[in-house]
Amino acid sequence: MPLPVPIALVFLAQPAAPSFRADLDAGHYLKVLSVSEARLRQDPNDAAAWAAKSQALSSLQRFAEAHSAADRALALNPRLADALLARGLARAGEAIRQRDLGSLRGALDAMDDLRAATEADPTLAPAWMSLGLAYEMLPGILGGSTRKALRCADQLRQVAPARGDLLQALVLVEENKWWEAQPYFGRALTQAPQDPEVVGQWLDALDRRPAKKALGEAGKNARLLAEAPRLLPGVRTRARGVAAVSDAYLHGGRPDLAWQVVQDHLAQVDAPSLLRLQLGKVAAVSGLHRPEGLAALDQVLREPLEGGAAGTPGAWWRKGQILRDLGRKDEARRAAQETLKLDPKHRGARELLETLGP
C-alpha cells in the first residue's frame with residue numbers, strides 16, 4: 001500500500017546498529033556507508049555493520065541492495081534487533097516504491113520484521129516508530145489498526161518521549177483528528193526543538209488536508225509562515241530541518257523566503273547536497289531563480305547525495321521541470337527519462353513527459 005511520502009520517510013530515517021546510531025540519526029548516511037564497508041572489509045561476519053550498511057542504503061533509496069545487506073546480517077545473527085529493523089525498513093522502502101497492490105506483500109513482510117525487532121529489543125525506538133506507522137497505514141484486514149498504532153506510541157514514549165508524542169500526532173492526523181493531534185506535536189516540539197524529524201513532520205502536517213480543513217487555506221498559510229521562523233533556530237545546522245522550513249515558506253506562499261533561507265544556511269548545514277536539491281525544488285515550483293536552481297541540481301547530480309525524500313530521481317525530475325520552463329524541451333525530456341530509469345513509476349516524471357508531447 002502506498003504511503004504518503006513525508007510519513008513514509010520516517011521509516012527510512014531511523015538509526016540501526018548501536019555503534020552507528022549517532023551518525024544515522026544525524027542523517028550522515030554516506031559516512032555510515034563508508035565506515036560500515038570498511039569494517040566489513042576487515043570482518044565480513046560483522047552483523048552490526050551489515051545492518052548499518054543496510055539502513056544507509058535504504059536511506060539512499062537503494063532498497064534492493066539494502067534488503068540483501070539486511071539478509072546477510074540476519075544470516076549471521078537471526079535475532080539481532082537492528083538487523084530485523086534494517087530488513088523491515090528495506091522491505092518498506094521496496095513496497096513504497098512499487099506503488100501497486102503487489103506492494104502489500106512487502107508491506108506485510110516489513111511489518112513482521114518490525115514487530116520482531118521490537119520483541120528482540122523493546123528499547124529500540126525506531127522499530128516502535130516504524131511499526132506504529134505500519135499499523136496505521138495498513139487496513140484492518142491486513143492487521144493494521146489505530147489502536148495498535150497508538151499502543152506503539154505509548155511504548156515509544158517510554159524510551160524516546162518526543163518521538164512517542166510525534167508518532168501519536170501522526171496517527172491522529174491520519175485519522176483526521178487535527179485538534180487532537182496538535183497538542184502532541186506541541187509536546188514533541190517542546191521536548192526536541194532541535195530534532196529535524198519532529199520539526200519537519202509538524203510543518204508537513206500543517207500543509208496536509210486535516211490542517212487545511214480545520215484552519216482554512218489562509219489560516220494554514222499564516223500558521224506555516226509563523227512557525228517557520230520560530231522553529232528555524234533549533235535546526236539551523238541540520239539540512240533536513242532547514243529544508244522543512246524552506247518548504248513551509250514555499251507552501252505558505254513565500255517562495256522568495258523559501259529560496260533565501262536555503263541560501264543563508266547552505267554553508268553551515270551538515271548535508272549541503274540536500275539544500276542544493278531544495279534550491280532546485282523551489283526554482284522548479286515557483287519559477288524563481290531558474291538558472292541558479294538548475295546549476296544547483298547539476299551539482300547534486302555530479303556529487304554524492306545524502307539521502308532525502310526525493311533522492312537522485314527527484315533531482316532529475318526537478319531539472320526536467322526547469323528545462324521545460326526554460327524552453328529546452330529535448331533536454332527536459334532526457335531528464336524525465338533519467339528519472340524513470342531510476343524510478344520507473346515516478347508519477348511526476350510521467351506527467352512531465354506528457355506535457356512535453358511527442
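Residues are numbered from 1 along each chain as its sequence is written. Because the model is predicted, local features need pLDDT of at least 70 and side-chain atom pairs count only at pLDDT 80 or more, while totals for chains, interfaces and linings use all residues, and side-chain values use heavy atoms, with hydrogens and water left out.

**Helix packing**

Helices here are DSSP runs (H or I, at least four residues), numbered from the N terminus. Two packed helices are described by the angle between their axes and the distance between the axes. Axes are lines fitted to C-alpha atoms over the stretch in contact, and angles run from 0 to 180 degrees between N-to-C directions.

| Helix pair | Angle | Axis distance |
|---|---|---|
| Helix 8 and helix 10 | about 10 degrees | 10 Å |
| Helix 10 and helix 11 | roughly 160 degrees | within 8 Å |
| Helix 11 and helix 12 | about 155 degrees | 10 Å |

Angles under 35 degrees count as roughly parallel and those over 145 as roughly antiparallel. Contact means heavy atoms within 4.5 Å. In sorting contact residues by class, Ala, Val, Leu, Ile, Met, Phe, Trp, Tyr, Cys and Pro count as nonpolar, Asp, Glu, Lys and Arg as charged, and the others, Gly among them, as polar.

Helix 8 covers residues 125-137 and helix 10 covers residues 161-174; they pack at about 10 degrees. The two are therefore roughly parallel to each other. Residues of helix 8 at this contact include Trp128 and Met129, which face a set in helix 10 that includes Leu166 and Leu170. By class, the contact of helix 8 with helix 10 has 8 nonpolar, 1 polar and 3 charged residues.

Helix 10 also packs on helix 11, at roughly 160 degrees. That angle makes helix 10 roughly antiparallel to helix 11. Among the residues that meet are Leu166 and Leu170 of helix 10 and Trp178 and Phe185 of helix 11. This contact divides into 12 nonpolar, 2 polar and 3 charged residues.

Helix 11 (residues 178-191) in turn packs on helix 12 (residues 196-205) at about 155 degrees, which makes helix 11 roughly antiparallel to helix 12. The contact has 8 nonpolar residues, 2 polar and no charged.

The whole structure has 25 salt bridges (a side-chain nitrogen of Lys or Arg within 4 Å of a carboxyl oxygen of Asp or Glu). Aspartate 112 and arginine 115 form a salt bridge, 2.6 Å from N to O. These two residues are separated by about one helical turn because they are 3 residues apart in helix 7 (residues 103-120).

Arginine 333 lies in helix 19, residues 329-342. A polar atom of its side chain lies 3.2 Å from the backbone oxygen of glycine 357. Not counting residues up to four places away in sequence, arginine 333 touches Leu353, Leu356, Gly357 and Pro358.

Terms used. A polar contact is a pair of N or O atoms within 3.5 Å; within protein, one must be able to donate a hydrogen and the other to accept it, and residues adjacent in sequence count only if both atoms are side-chain atoms. Angles under 35 degrees count as roughly parallel, over 145 as roughly antiparallel, 65 to 115 as roughly perpendicular and the rest as oblique.
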